[in-house]
Amino acid sequence: MASSILFNNGTHKNILLEEFGTGLAVQANQHLVIHGDSAMILDPGGHKVYNKVLSETLSLLRGGAKLRYLFLSHQDPDIVAACNGWLMTTDVEAYISALWLRFIPHFGLDRLVEDRLKPIPDAGMTLDLGGAPLLFVPAHYLHSPGNFQVYDPVSRILYSGDLGASLGMDYREVTDFDDHLQYMEGFHRRYIASNRTMRAWAAMVRTLDIEMIAPQHGALFRGKEHVNRFIDWCEGLACGVDLLDDVYKIPGR
Ligand code: FE
């Protein structure tokens with residue numbers, strides 16, 4: 001497991017943990033935000049990476065911050081499958097959309113830790129990370145119906161969850177935006193609900209000052225130019241129910 005520092009001003013740090021070569025499982029990024037003595041991990045992943053992400057996180061925090069929060073963008077197994085392990089081995093409070101609160105226990109949540117699973121209201125919320133306000137912004141239907149992204153006003157990173165996911169290339173940062181589209185297109189056309197959703201998201205995030213967009217899978221977008229190109233691309237993409245014409249057909253007919 002490799003880690004790289006995306007932002008560091010002394011009291012505030014954003015660290016990317018990344019894992020490649022997980023076999024059939026989709027490549028995933030885990031992100032750690034540290035402010036002073038408090039830390040939050042985002043979308044820590046499933047059982048396959050649990051041990052490595054936990055030990056890497058604890059070693060990055062050694063002698064400094066305490067892991068206080070776990071952010072879960074949505075309910076997919078690559079996000080939440082190991083939630084019970086995190087709650088059992090640490091004191092974290094885990095946050096997930098209120099829509100999924102009663103589904104997560106199906107991943108095997110011990111009664112002991114159930115009260116540390118907290119709902120994010122549909123409209124989003126601000127979480128105080130040791131004095132730094134992190135925004136949980138709505139990203140519903142991108143792709144999950146109960147879905148959130150995290151905007152960090154200190155580093156100006158937008159953690160976009162599955163939006164911006166790319167699969168099949170081996171670089172960590174996008175350098176050639178046009179060439180990168182081939183690794184994003186298929187996923188977004190099929191997994192994202194509709195262009196109407198994309199346009200609503202684009203209008204919302206254009207009101208934020210964003211220096212980096214960091215998805216949970218694949219490469220990140222650094223700098224205003226790539227950030228804006230990505231938002232424009234989302235805004236113009238036909239996806240999901242926009243492309244239904246050839247979907248509803250009885251197989252074999
Ligand atoms: Fe997902």
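Student: Which residue meets the side chain of R189 in a salt bridge?
Tutor: This is a predicted model, so local features need pLDDT of at least 70, side-chain atom pairs count only at pLDDT 80 or more, and totals for chains, interfaces and linings use all residues. Residues are numbered from 1 along each chain as its sequence is written, and side-chain values use heavy atoms, with hydrogens and water left out. A salt bridge here is a side-chain nitrogen of Lys or Arg within 4 Å of a carboxyl oxygen of Asp or Glu. At 3.9 Å from N to O, the partner of R189 is E185.

Student: Which helix holds both R189 and E185?
Tutor: Helices (H or I, at least four residues) and strands (E, at least two) are DSSP runs, numbered from the N terminus. The two residues are four apart, about one turn of the helix, and that helix, residues 177–191, is α4.

Student: How many residues apart are R206 and D232?
Tutor: R206 forms a salt bridge with D232, with 2.7 Å between the closest N and O atoms. This pair links distant parts of the chain, since R206 sits in the loop between α5 (195–205) and β12 while D232 is in helix α6 (residues 224–236), and their separation is 26 residues.

Student: Are K249 and D246 buried or exposed?
Tutor: The side chains of these two meet in a salt bridge, 3.3 Å from N to O. Both K249 and D246 are exposed.

Student: How many salt bridges does the structure hold?
Tutor: Some are joined up: R156, D209, E211 and K224 are linked in a network of salt bridges. For the structure, the count is twelve.

Student: Why is strand β11 largely enclosed by the rest of the structure?
Tutor: In a regular strand the side chains alternate between the two faces of the sheet. In β11, I157, Y159 and G161 point one way, and L158 and S160 the other way. The strand spans residues 157–161 and is largely enclosed because five of its five residues are buried.

Student: Which residue in β11 is the bridge partner of Y151?
Tutor: Two strands pair if DSSP finds at least two bridges between them, and three bridges join β10 (residues 148–152) to β11 in an antiparallel arrangement. The two form a hairpin with four residues between them, where R156 in the turn has a positive phi of about 60°. The partner of Y151 in β11 is L158.

Student: And which residue in β12 is the bridge partner of Y159?
Tutor: β11 and β12 (residues 212–215) run parallel, joined by four bridges. Within β12, the partner of Y159 is A214.

Student: What is the volume of the largest cavity?
Tutor: On a 1 Å grid over the protein atoms alone, a cavity is a set of points where a 1.4 Å probe fits but cannot get out, and lining residues have an atom within 4 Å of a point. Grid points are joined across faces, edges and corners, and a volume is the space filled by probe spheres set on the points. The lining of the largest cavity includes Y159, G161 and A214. Its volume is about 70 Å³.

Definitions and conventions: Buried < 20%, exposed > 50% of the residue type's maximum accessible area, 1.4 Å probe, protein only. 1 Å grid on protein atoms, 1.4 Å probe; cavity = no way out; pocket = protein on both sides within 12 Å on 5 of 7 lines; lining within 4 Å.
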